[in-house]
Amino acid sequence: MPRIKSKSGIYHIIMRGINRQIIFEDEEDCHKFIQTLQKYREISEYKLYAYCLMGNHLHLLLMEDKDPLETVMRRICGSYVLWYNKKYGRIGPLFQDRFKNEPVEDDAYFLTVLRYILQNPVKAGIVTKVEDYPWTNYTDYIRSKYQTDTDLGLNILNVDRAQAVRKFVDFIDKDNDDKCLEIKENRQITDNDAIKIIKNLCKVERGSDLQMVDVDKRNTYIKELKEGYGLSVRQIERFTGINRGIIQRL
């Protein structure tokens, strides 16, 4: 199916690890991907308004310029995959075949997508506050950093920069039921895949080892297994030995 072309040139983009593969194993991986975004921002001259790096997927909000979106994404992903495969001694693709994207054509939806992306870790239960998650560009907006392009979003909110930042914080923190492009899970995770996901995400030798992890960290992992990776309550219970009631409450 052909992609819908954005009249504004602005897109919300989702990239996902192939077969739900984790694409950011540690902090170095996240730093490397952000560096890659910066590198090709200069080469392809796109505007980067927002990003959020999750365990097995990522969100971007950008506007194409010199190079078309397909070229931009091919460069970013190709560069990161070469580095990632060398680091982890693997071969083959890392990302799902086609990135998903939707056009962003007006200011109101731009702000909606911006909030949706920055709130992703909160809605996934990984953190309770947007500012506590390190792998978004939230702080660029409130601390006048220039690693990403924050002017458009702030100018929509207010022409006065100090007032715009205050409005930005209030807007991003506001409870909402925003509906944007998302990853749809169309199949049940197999038990073999579930075991691999638990071991990789939680960095344990056996699923039962998760019982020994600090409670807060354990709960964060369980939330991500359920909401970020789509494991069933029953699978988590069977492979970790953690009580079903605990898993259901999180």
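Helices (H or I, at least four residues) and strands (E, at least two) are taken as DSSP runs and numbered from the N terminus. The structure is a predicted model, in which local features need pLDDT of at least 70 and side-chain atom pairs count only at pLDDT 80 or more, while totals for chains, interfaces and linings use all residues. Residues are numbered from 1 along each chain as its sequence is written, and side-chain values use heavy atoms, with hydrogens and water left out.

Helix H2 comprises residues 69-88. The expected span of a helix is 1.5 Å times one less than its number of residues. For the 20 residues of H2 this gives 28 Å, which agrees with the 28 Å between its end C-alpha atoms. After H2 comes Gly89, which has a positive phi, near 60 degrees. Residues are called buried under 20% relative accessible area, exposed over 50%, and partly exposed in between (1.4 Å probe, protein chains only). Among the buried residues of H2 are Leu69, Val72, Met73, Ile76, Tyr80 and Tyr84. The cover over the buried residues of H2 includes H1 and the strands E1 (10-16), E3 (57-63) and E4 (100-103), where contact means heavy atoms within 4.5 Å.

Two packed helices are described by the angle between their axes and the distance between the axes. Axes are lines fitted to C-alpha atoms, for helices over the stretch in contact, and angles run from 0 to 180 degrees between N-to-C directions. The axes of H1 (residues 27-44) and H2 come within 10 Å and cross at roughly 145 degrees. Residues of H1 that meet H2 include Phe33, Leu37 and Tyr40, and those of H2 in this contact include Val72, Ile76 and Trp83. By class, the contact has 10 nonpolar, three polar and five charged residues; Ala, Val, Leu, Ile, Met, Phe, Trp, Tyr, Cys and Pro count as nonpolar, Asp, Glu, Lys and Arg as charged, and the others, Gly among them, as polar.

Helix H7 (residues 161-173) reaches 18 Å from its first C-alpha to its last, close to the 18 Å expected for its 13 residues. Ala164, Val165, Phe168, Phe171 and Ile172 are the buried residues of H7. They lie on the same side of H7 because they cover an arc of only 130 degrees around the axis, the arc being that of the directions from the helix axis to the C-beta atoms. These buried residues pack against helices H3 (107-118), H5 (138-142) and H6 (151-157). Arg166 and Asp170 are exposed on the face of H7 turned away from its buried side.
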